[in-house]
Amino acid sequence: MRGHIGTFIAALVAVALCGCAGLTGNAGNTGMSITKAAYGTTEGEEVALYTLKNANGVEVQIINYGAIVTSLKVPDRSGKSDNIVLGYDTLEEYIADDAYLGCIAGRYANRIANGRFTLGSSEYTLAVNNPPNHLHGGKAGFNKKIWDAEEVRRSGAVGVRLTFTSADGEEGYPGTLDTEVTYELTKENELRIDYSAETDKQTVVNLTHHGYFNLAGAGSGDILKHELMIAADRYTPTGESMIPTGELAPVEGTPLDFREAKPIGRDIGADHPQLSYGKGFDQNFILKLAPGKSPELAARVSEPASGRVMEVLTTEPGIQFYTGNFLPNGKKGRDGKTYNHRTGFCLEAQHFPDSPNQPGFPTTVLIPGRKYSQTTTYRFSTEG
Ligand code: BGC
């Protein structure tokens, strides 16, 4: 009997140390695992790297600095896995990063005009870190914070739940914001992101994932041959400084019409003011005018050479499509790779830019007692 108990305890310890969900006896998680490793130290705190795997060869790596996805390996049509997101090798490079590679952008993803907004009778001033505007939460947005992390296991998925409390007044925003972001890798080859936030004072919130994708493999060249469909018949045109005019304009007859899939490179050089402001695609597409209850298809991307396909489903009303126009040539990436201009694209599900100053846009105001939530899923498959 003692022998059995000893074996049982040893098995429990092994499961706890290994973190292998497949060993827990959860049949829905066969072949799935989570492992945790040290990634580095900053501000006296240790940062961990979580590796999530499923039985189909999909592997996601996440660090609790910036809630960053550092690597996402997905098989191509012949079964060969490759990393399809831009990233770095070290924590130091993520700390120095100014391109928001793979992070969660917040408290307000995208731009707020002149770094100012009014709520009730109070005016708030934010950092102008993308002159003349505020971008992605300011000088030290959620992408520069150390989040608490815990492993998540449920039938058919393994994940990491990250929590961060943004103090009242941090980066100029009112209200203490308790934020939770859960990344899950499912057995259906999805990277699912559930976001929620609560405040103790009226504030604004807009969170998104800022992964740069290249379905041919990160560092393998530009993304211009990817075929993209965006399920939007309108977009929010901007002025020169990328702040929306407030208009909801039809994509029809413009280079922004992605309702039928077309190569990203086909119209990227078209003579159109919206393309000149962003130096390529960098626009918010309107999916709907209020958040949905469950994620709906927002975009589909396929890469002809590898056969990889990515679908983006979201509850959010908008999606920013950005073609890495501000990525410099010769940027050092992970695994000895070099990234250049337009070698990754972002599909950032979110509310519209500058919503706090745009009464006609879906609201980004959060009040005490209410919960902000959004879900976005990146789903992978192959074709051809
Ligand atoms: C914005 C770009 C910006 C980039 C910074 C994107 O979300 O749309 O305008 O340059 O983030 O990495």
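Modeller: Two strands pair if DSSP finds at least two bridges between them; strands (E, at least two residues) and helices (H or I, at least four) are DSSP runs, numbered from the N terminus. This is a predicted model, in which local features need pLDDT of at least 70, side-chain atom pairs count only at pLDDT 80 or more, and totals for chains, interfaces and linings use all residues. Residues are numbered from 1 along each chain as its sequence is written, and side-chain values use heavy atoms, without hydrogens and water.

Biologist: Which strands are the edge strands of the open sheet of nine strands?

Modeller: The order in this sheet is β11-β12-β13-β14-β29-β23-β22-β17-β20, and the pairing is antiparallel. An edge strand here pairs on one side only. The edge strands are β11 (148–154) and β20 (262–263).

Biologist: Which residue in β22 is the bridge partner of M229?

Modeller: Strand β17 covers residues 227–230 and β22 covers residues 296–302. The two run antiparallel and are joined by four bridges. Across from M229, the partner in β22 is R300.

Biologist: Why is one side of β19 and of β27 left without a neighbour in the sheet?

Modeller: The five strands of this open sheet follow the order β19-β18-β21-β24-β27, with antiparallel pairing. β19 (249–250) and β27 stand at its edges, so one side of each lacks a neighbour in the sheet: each has a single partner strand.

Biologist: Which residue stands opposite C346?

Modeller: β27 pairs with strand β24 (residues 318–322) in the antiparallel sense, over five bridges. Opposite C346 stands Y322.

Biologist: Which residue in β21 is the bridge partner of R234?

Modeller: Strands β18 (residues 234–235) and β21 (residues 282–286) run antiparallel, joined by two bridges. The partner of R234 in β21 is I286.

Biologist: What radius of gyration does the protein chain have?

Modeller: The radius is taken over C-alpha atoms, and the globule rule is 2.2 Å times the number of residues to the power 0.38. The C-alpha atoms fill a box of roughly 75 × 50 × 40 Å along the principal axes. For 384 residues a compact globule would come near 21 Å, and the chain agrees, with 21 Å.
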